[in-house]
Amino acid sequence: MKWDPAKYVQFGDYRDRPFFDLTGRIHADRPVQVVDLGCGPGNLTATLAERWPGADVVGVDSSAEMLTKAAAVADGTPSLRFELGDMAHWMPSADTEVVVSNAALQWVPGHQELIRKWAAALRPGSWFGMQVPGNFNAPSHALMRALAGSSRWEPKLRGVLRGGESVDEPAEYLGVLLDAGFTADAWETTYQQVLAGPDPVLEWVRGTALRPVLAVLSPEDGAAFEADYAAALREAYPAMQHGTVFPFRRIFAVGRKG
Ligand SMILES: C[S@@+](CC[C@H](N)C(=O)[O-])C[C@H]1O[C@@H](n2cnc3c(N)ncnc32)[C@H](O)[C@@H]1O
């Protein structure tokens, strides 16, 4: 699936804030190696290099488009580099002391098993922190799935969208980390995002959840799907005096290996 880095960084502050809420709970002192899995355009990975200037900071992503953007971010920072790779095949090295994954693991089916493997492989004292969206049952996603399942779209979109099974609840991630011998903390936050402009929720999901749909439809079909979806979103998220409120639940887990 192709990503559009420019579309993704739109709404920057709202997209970035959970990353800082997550990494604010990682209290590593002077890690040797820090890895950001599903690093996207690299702007947030760069903040890890600023925070830990002595660390080798590596961003891993499977999207060539995202990594092209990230390469420009790494320019001039020798301790920061980006690698093309699939998280599903990634394992920590002996030096990896901080692993961060922000808004990415939901794209990887079976990621709970991966976290178990990474947690087992990390050395004592290492940190693991993850954030995934917890909004798969919110109207934004439920309406998209309902439309994709309608008689008009089902033949073209069968199996393209995943539902609530994409992520677990905070307690389940907590359990995975505790079972692996981590001191762990898991929580959820619903950000009340106030978005500006026409059809702002559609604009938001165009950068993320709608991408699998647009990837398989022709441009004409994509536009037709978006028109119906936008109408449903306008009802679910009406424009108000101060903008459109788009509540966004996110799930976090952080732990340190004992
Ligand atoms: C929503 S973006 C998040 C980017 C960044 N972490 C941030 O918070 O701004 C999700 C990223 O995960 C990447 N991704 C999805 N599946 C992946 C996989 N199996 N391996 C590596 N990266 C993956 C995508 O290419 C995309 O850049």
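The structure is a predicted model, in which local features need pLDDT of at least 70, side-chain atom pairs count only at pLDDT 80 or more, and totals for chains, interfaces and linings use all residues. Residues are numbered from 1 along each chain as its sequence is written, and side-chain values use heavy atoms, with hydrogens and water left out.

**Around the ligand**

- The ligand has 18 residues around it, and G38, D61, D86, M87 and N102 come nearest; a residue counts as near if one of its heavy atoms lies within 4 Å.
- This shell is made up of 10 nonpolar, six polar and two charged residues. Here Ala, Val, Leu, Ile, Met, Phe, Trp, Tyr, Cys and Pro count as nonpolar, Asp, Glu, Lys and Arg as charged, and the others, Gly among them, as polar.
- A ligand nitrogen atom sits 2.7 Å from a polar backbone atom of G38.
- For M87, a polar backbone atom is 2.8 Å from a nitrogen atom of the ligand, and for S62 the corresponding distance is 3.3 Å.
- On its own the ligand has 600 Å² of accessible area, and the protein covers 94% of it. Accessible areas come from the Shrake-Rupley method with a 1.4 Å probe.

**Helix α5**

- Helix α5 spans residues 111-121, and its buried residues are H111, Q112, L114, I115, W118 and A119. Helices (H or I, at least four residues) and strands (E, at least two) are DSSP runs, numbered from the N terminus.
- Buried means under 20% relative accessible area, exposed over 50%, and partly exposed in between, with a 1.4 Å probe and protein chains only.
- Why do the buried residues of α5 line one face of the helix? Seen down the axis, they fall within an arc of 155°, so they line one face. The arc is that of the directions from the helix axis to the C-beta atoms.
- These buried residues of α5 pack against β1 (33-37), β5 (127-133), α8 (170-179), β6 (182-195) and β8 (243-257).

**Helix α8**

- In α8, the buried residues are P170, Y173, V176 and L177. Viewed down the axis of α8, they lie within an arc of 125°, so they line one face of the helix.
- The face turned away from that buried side carries A171 and D179, which are exposed.
- Among the elements covering the buried residues of α8 are α5, β5, β6 and β8.

- S101 belongs to strand β4, which runs over residues 96-102, and S101 is buried with a relative accessible area of 0%.
- Not counting residues up to four places away in sequence, S101 touches L22, D36, L37, M87, G129, M130 and Q131; contact means heavy atoms within 4.5 Å.
- V98 also lies in strand β4, and V98 counts as buried at 0% relative accessibility.
- Leaving aside neighbours within four places in sequence, V98 is in contact with I26, A28, P31, Q33, V34, V35, W52 and W127.
- V98 and G125 are 27 residues apart along the chain, and their C-alpha atoms are separated by 9.2 Å.

**A residue of helix α2**

- R17 has its place in helix α2 (residues 12-23). Is R17 buried or partly exposed? At 45% relative accessibility, R17 counts as partly exposed.
- R17 and Y191 are 174 residues apart along the chain, with 9.4 Å between their C-alpha atoms.

Notes: Polar contact = N/O pair within 3.5 Å; in protein donor to acceptor, adjacent residues only side chain to side chain.
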